[in-house]
Amino acid sequence: MALAAPANHAPPRDPHSFREALGRFATGVAFVTAAPDDEPTGLIVNSLASVSLDPPLVSFCPSRSSLTWCRMRRASRFGVNVLGRQHERFARRATPPGTDRFARLDWEPGHGGVPLPTDALASFEFETVAEHPTGDHWIIVGGVDNLRISPAKDPLIFFAGAFHAVQ
């Protein structure tokens with residue numbers, strides 16, 4: 001039995017309401033890392049998505065106004081690190097612009113020098129295969145050529161504007 005669609009089909013006009021509605025979709029939290037000019041840098045995203053299994057591709061969406069992404073995109077290799085519940089304080093500290101995101105963070109270089117947190121739930125190393133300007137964000141698609149997986153299974157979740165744990 002098909003359900004009737006609501007009568008109101010107008011697009012959202014209020015960016016705050018649109019953002020609040022999107023916040024009802026729980027996401028994981030990831031830390032995108034690179035080392036342009038051999039200097040580790042990174043940014044927190046909640047837009048990590050699997051694009052393809054064969055070939056292995058992931059995507060994320062940094063803001064087009066992000067000065068950090070502007071610096072990072074000069075690098076040839078990147079890491080996307082899935083954060084666990086133990087990273088909540090780090091994520092809160094690392095989210096504001098201009099923050100030293102590697103202060104008090106244990107990390108090690110991956111293949112090609114990509115900085116990777118030592119305790120991420122999973123880390124994907126990749127090179128960008130596509131970059132699309134879309135709205136106020138970029139869609140970055142990366143070809144994964146190395147990964148590592150932690151036995152830990154307690155992810156950091158972002159929902160309704162706040163961090164949560166799986167219960």
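These legends cover the whole protein and several close-up views of a predicted model.

Local features need pLDDT of at least 70, side-chain atom pairs count only at pLDDT 80 or more, and totals for chains, interfaces and linings use all residues. Residues are numbered from 1 along each chain as its sequence is written, and side-chain values use heavy atoms, with hydrogens and water left out.

View 1. Helices (H or I, at least four residues) and strands (E, at least two) are DSSP runs, numbered from the N terminus. The C-alpha trace spans about 55 × 35 × 35 Å along its principal axes. Of the 167 residues, 35% count as buried. Buried means under 20% relative accessible area, exposed over 50%, and partly exposed in between (1.4 Å probe, protein chains only).

**View 2. Phe78 and Phe126 form a stacked aromatic pair.** Their rings are 5.6 Å apart centre to centre, with 25 degrees between the planes. Rings of Phe, Tyr and Trp (its six-membered ring) pair if their centres lie within 6.5 Å; planes under 30 degrees apart count as stacked, over 60 as edge-to-face and the rest as tilted. Phe78 lies in strand β6 (residues 78-82) and Phe126 in strand β9 (residues 122-134), so the pair ties together parts that are 48 residues apart in sequence. Both Phe78 and Phe126 are buried.

**View 3. Phe158 and Phe163 form an edge-to-face pair.** Here the centres are 5.4 Å apart and the planes are at 65 degrees. Phe158 is partly exposed, at 27% relative accessible area. Phe163, at 13%, counts as buried.

**View 4. Two arginines sit over the ring of Trp138.** The charged end of Arg64 is 5.0 Å from the ring centre. Arg73 lies over the face of Trp138 at 4.3 Å from the ring centre. A charge sits over a ring if NZ of Lys or CZ of Arg is within 6 Å of the ring centre and within 35 degrees of the ring normal.

**View 5. The largest nonpolar core has 16 residues.** Such a core is a set of buried Ala, Val, Leu, Ile, Met, Phe, Trp, Tyr and Cys residues joined through side-chain atoms within 4.5 Å. Val32, Phe60, Trp69, Met72, Phe78 and Phe126 touch the most other members. The elements that give two or more residues to this core include β5 (57-60), α2 (67-72) and β10 (137-149). Apart from this core lies another, of ten residues, among them Leu83, Ala94, Phe102 and Phe163.

**View 6. Ala35 is found in the loop between β2 (30-34) and β3 (41-45).** Ala35 is partly exposed, with a relative accessible area of 22%. Leaving aside neighbours within four places in sequence, Ala35 is in contact (heavy atoms within 4.5 Å) with Pro40, Ala75, Gly113 and Pro115. The C-alpha atoms of Ala35 and Gly113 are separated by 7.0 Å, though 78 residues apart along the chain.

View 7. A disulfide is a pair of cysteine sulfur atoms within 2.5 Å, and the whole structure has zero. Cys61 is partly exposed at 25% relative accessible area, and Cys70 is partly exposed at 48%.
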